[in-house]
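Subject: Structure handover and notes

Hi,

Here is the structure I promised to pass on to you.

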Number of protein chains: 2
Amino acid sequence: MTQSLHFHFDFSSPYGYLAAERIEALAARHQRSVEWRPVLLGAVFKITGTQPLTFVPLKGDYTRRDLPRTARYHGIAFRMPAKFPIPTQAAARLVVWQRGTDPARCGPLVKALYRAYFVEDRDISDPDVAASVAAEAGLDRGTARAAIDDVTIKDALKRDVDAAIAAGVFGSPFVIVDGEPFWGLDRFDQIERWLETRGF
Amino acid sequence: MTQSLHFHFDFSSPYGYLAAERIEALAARHQRSVEWRPVLLGAVFKITGTQPLTFVPLKGDYTRRDLPRTARYHGIAFRMPAKFPIPTQAAARLVVWQRGTDPARCGPLVKALYRAYFVEDRDISDPDVAASVAAEAGLDRGTARAAIDDVTIKDALKRDVDAAIAAGVFGSPFVIVDGEPFWGLDRFDQIERWLETRGF
């Protein structure tokens with residue numbers, strides 16, 4: 001069993017960001033790699049009939065309190081962005097493109113984009129901003145910027161989102177481990193045991 | 001700081017059941033007691049516009065898989081009841097009544113009712129069944145059965161539910177620790193640290 005952990009996430013998901021900061025260490029403890037699979041929760045919410053957490057009465061207030069507390073609990077830098085949520089196509093396409101060209105660089109790219117949004121409050125929905133962040137992460141800025149508008153990348157992302165929904169993904173983060181689905185950073189303890197014992 | 005942990009729950013909530021099996025030990029580790037506060041999620045869902053987890057597309061399938069897995073992870077007996085969800089007024093009124101007469105017996109009563117539903121698949125929405133379970137937990141059956149129809153108990157439960165919603169409760173389990181809200185069994189690790197360090 002050396003399959004990658006399939007890490008599904010949306011760049012506008014704060015819990016996805018926190019989980020992205022933890023998934024590689026978890027995978028490494030079990031000699032696994034991470035496959036980074038951006039999704040677009042807007043497409044998912046049309047199916048589930050749900051909406052961003054912060055929009056839900058009562059739950060929104062709680063989430064705005066739970067997020068910084070959960071970040072402190074895990075020792076991860078976090079600041080709620082001024083603009084939230086944002087469209088995440090540009091950032092997601094960068095990851096899809098990078099996965100096709102140099103998958104080993106996906107982790108640093110995902111974390112750079114997430115930190116730009118959830119620590120530095122930069123608007124990564126803007127393709128130029130997203131390309132700049134990619135450049136700071138060591139990618140060629142011009143190639144990255146072109147990838148965001150590349151129709152083959154756009155189509156590949158759409159297929160990825162459809163495949164994720166077909167696999168049951170409805171939230172972020174959502175990790176699939178050898179076919180077993182785990183929703184939320186809250187399930188990392190179960191993922192850990194699942195990898196130790198090959199199921200429980 | 002010797003305030004009770006306020007444990008809000010709905011008897012139709014499977015994660016509430018799992019948490020009820022763990023909250024007393026957590027509280028005891030920190031020299032705290034538990035105040036059992038049944039709520040009616042139906043009233044909450046009207047405000048939040050949400051619905052029972054198992055009714056949501058994709059999320060429902062996941063939940064039916066996550067629940068028995070989470071029960072196994074925690075070593076707690078669990079069986080999804082044939083009838084789900086159920087109205088929980090009868091069971092909730094028993095707890096409200098018991099809290100007013102002998103609060104120390106609330107914990108055993110809550111756990112007996114929850115186990116009747118989520119282990120033995122008994123329909124505790126039926127007042128006669130709920131009263132029988134209360135009797136098995138050591139209460140007087142006739143008095144318990146009468147309490148379910150007692151208008152002062154009915155009103156007290158309504159006030160409790162309103163108070164819970166006013167305090168921000170929107171799900172089950174929902175624990176309030178010295179004013180700090182924690183939603184879900186998934187937050188028990190944060191509650192533990194919160195009690196150790198008096199906030200973090």
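How many salt bridges are there between chain A and chain B? The count is eight, where a salt bridge is a side-chain nitrogen of Lys or Arg within 4 Å of a carboxyl oxygen of Asp or Glu. One to look at joins the side chains of R187(A) and D66(B), with an N to O distance of 2.8 Å.

Some conventions before the rest. This is a predicted model, so to speak of local features I need pLDDT of at least 70, and side-chain atom pairs count only at pLDDT 80 or more, while totals for chains, interfaces and linings use all residues. Residues are numbered from 1 along each chain as its sequence is written, chains are lettered from A and ligands numbered from 1 in the order in which they are written, and side-chain values use heavy atoms, with hydrogens and water left out.

**The interface**

Chain A gives 32 residues to the contact and chain B gives 32 residues, with contact meaning heavy atoms within 4.5 Å. The size of an interface is often given as the accessible area lost when the parts come together. Here, the area buried between chain A and chain B is about 3200 Å², and carbon and sulfur atoms give 56% of that. Buried area is the accessible area (1.4 Å probe) that two parts lose on being put together, summed over both. L58(A), Y62(A) and Y73(A) supply 23% of the area that chain A buries against chain B, more than any other three residues.

Between the two chains there are also 20 residue pairs in polar contact, both residues being at pLDDT 80 or more. A polar contact is a pair of N or O atoms within 3.5 Å; within protein, one must be able to donate a hydrogen and the other to accept it, and residues adjacent in sequence count only if both atoms are side-chain atoms. On the side of chain A that touches chain B, the elements giving two or more residues are α3 (41-48), α4 (59-74), β4 (180-183) and α10 (188-197) of chain A. Helices (H or I, at least four residues) and strands (E, at least two) are DSSP runs, numbered from the N terminus. The largest share of that side, eight residues, comes from α4(A). Its residues divide into 16 nonpolar, six polar and ten charged, where Ala, Val, Leu, Ile, Met, Phe, Trp, Tyr, Cys and Pro count as nonpolar, Asp, Glu, Lys and Arg as charged, and the others, Gly among them, as polar.

**The sheets**

Chain A has an open sheet of four strands in the order β2-β1-β3-β4, with mixed pairing; two strands pair if DSSP finds at least two bridges between them. Its edge strands are β2 (34-38) and β4 of chain A, each pairing on one side only. Five bridges join β1 (residues 5-9) of chain A to β2(A), and these strands run parallel. Within that pairing, F9(A) has P38(A) as its bridge partner in β2(A).

In chain B there is an open sheet of four strands in the order β2-β1-β3-β4, again with mixed pairing. Since β2 (34-38) and β4 of chain B stand at the edges with a single partner strand each, one side of each is left without a neighbour in the sheet. Three bridges join β1 (residues 5-9) of chain B to β3(B), running antiparallel, and H6(B) is bridged to I176(B) in β3(B). I176(B) also has a bridge partner in β4(B), namely P181(B). β3 (residues 174-177) and β4 (residues 180-183) of chain B run antiparallel and are joined by four bridges. They form a hairpin with two residues between them, and D178(B) in the turn has a positive phi of about 50°.

**Backbone details**

A cis peptide bond joins F84(A) and P85(A), with omega about -10°; P85(A) is in the loop between α4 and α5 (89-101) of chain A. In chain B, a cis peptide bond joins F84(B) and P85(B), with omega about -10°.

Best wishes
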